[in-house]
Amino acid sequence: METVKYLVRRFAFLVLVVFAAGTLNFFLPRLTGQDPIRSRLLDEMKNGASFASGISDLVKVYDEKFGLDLPLWHQYLNYLGDMSRLDLGQSFTSYPRTVAQLIGDALPWTVGLLTVTTLVSFALGSLLGALVGWPKSPAWIRAIAPPVFTLAAIPYYLLGLAMLWLFAFELHWLPGSGGYRIGTIPSHTWKFAFDVLQHSVLPALSIILSSVGFWALSMRSMMVGITSQDYVAMAEAKGLTNRTILVRYGLRNVMLPQITALALELGYVVSGTILVEVVFTYPGIGLLLFNSIKLADFPVIQGIVFTLIVSLAVATLILDLALPFLDPRIRRRA
């Protein structure tokens with residue numbers, strides 16, 4: 001019975017968080033005061049488009065079509081109704097394409113890139129941090145640690161710019177932009193898969209090199225604290241091997257906080273790494289969000305942010321429910 005009450009409370013909190021964040025998601029873009037329809041039509045005129053009727057008349061027509069002529073409170077109620085049905089609406093700038101279609105096209109690129117890079121950097125960083133924090137580790141491990149830790153202080157996009165200049169512009173080893181070669185028709189072939197892999201190497205490396213140091217630093221600080229615990233001294237007194245003490249008494253006790261951070265980090269996978277995707281023109285969620293903000297495409301902005309909110313809330317809920325199974329010392333209080 002207590003477990004059921006706990007689940008109900010957690011689910012109610014999830015709904016409250018999604019509602020509050022979704023409300024901010026609706027009002028914040030509109031606080032900019034931008035007129036997305038007028039801005040879009042003006043861009044079309046700059047590109048040589050001509051309109052039979054005046055631009056003001058067209059703005060009025062499109063405002064009525066998208067419901068922008070309604071009072072703000074009415075737009076908000078429509079927004080809540082659409083979100084409750086998971087109807088993200090249609091894009092202002094890519095009409096008649098829907099927001100769900102745009103997100104569906106961009107999401108696989110971001111999820112594929114960030115899932116791989118997050119798991120790789122987590123594994124490498126956690127292992128390196130554990131070895132650096134363990135007093136009996138080889139000297140060469142401590143020698144490579146400072147450069148890796150230094151990279152953690154450099155943002156993804158700065159590393160991306162440096163690698164873009166070196167490997168794409170100077171050495172011409174790897175492509176520097178896009179998700180695949182211009183003119184290529186996407187297909188389920190090994191040739192296309194290899195093309196996509198080539199274009200993802202530089203964005204992936206920029207994320208991994210910057211993230212490994214972060215995971216290593218957090219793991220090292222926890223491992224240093226573990227080495228002073230009584231049970232580690234007792235294990236050494238029993239004559240256990242260094243590897244056994246490291247794995248059973250060290251890693252086993254410090255992995256829970258790391259796994260917690262990993263679960264929350266995976267919740268951000270759907271958001272993309274905006275500046276990295278912009279630097280490499282990588283066709284993911286981050287680039288879509290960046291372009292939508294520039295064009296004041298409210299439905300796309302709302303759809304992406306709402307998807308991020310839900311993914312983070314669900315990831316947090318799953319983590320909260322899973323932690324007691326990962327660590328029996330954790331007890332829920334009804």
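Predicted model: local features only at pLDDT ≥ 70, side-chain atom pairs only at ≥ 80, totals over all residues.
Residues are numbered from 1 along each chain as its sequence is written. Local features need pLDDT of at least 70, side-chain atom pairs count only at pLDDT 80 or more, totals for chains, interfaces and linings use all residues, and side-chain values use heavy atoms, with hydrogens and water left out.

**The contact.** Helices are DSSP runs (H or I, at least four residues), numbered from the N terminus. The axes of α5 and α12 come within 7 Å and cross at roughly 135°. Axes are lines fitted to C-alpha atoms over the stretch in contact, with angles from 0 to 180 degrees between N-to-C directions. Contact means heavy atoms within 4.5 Å. The table lists who takes part.

| Helix | Residues in the contact |
|---|---|
| α5 | Leu 102, Ile 103, Ala 106, Leu 107, Thr 110 |
| α12 | Ile 285, Gly 286, Leu 288 |

α5 (99-133) and α12 (285-294) each give two or more residues to the lining of the second largest pocket. A pocket is an open set of points on a 1 Å grid, with protein on both sides within 12 Å along at least five of seven lines; lining residues have an atom within 4 Å of a point. The volume, the space filled by probe spheres (1.4 Å), is about 330 Å³.

**The aromatic pair.** Phe 122 and Trp 215 sit 5.1 Å centre to centre, with 85° between the planes. That is edge-to-face (over 60 degrees, centres within 6.5 Å). Phe 122 is in α5 and Trp 215 in α8 (residues 190-226), 93 residues apart.

How values were computed:
Phe/Tyr/Trp six-rings, centres within 6.5 Å; stacked < 30°, edge-to-face > 60°.
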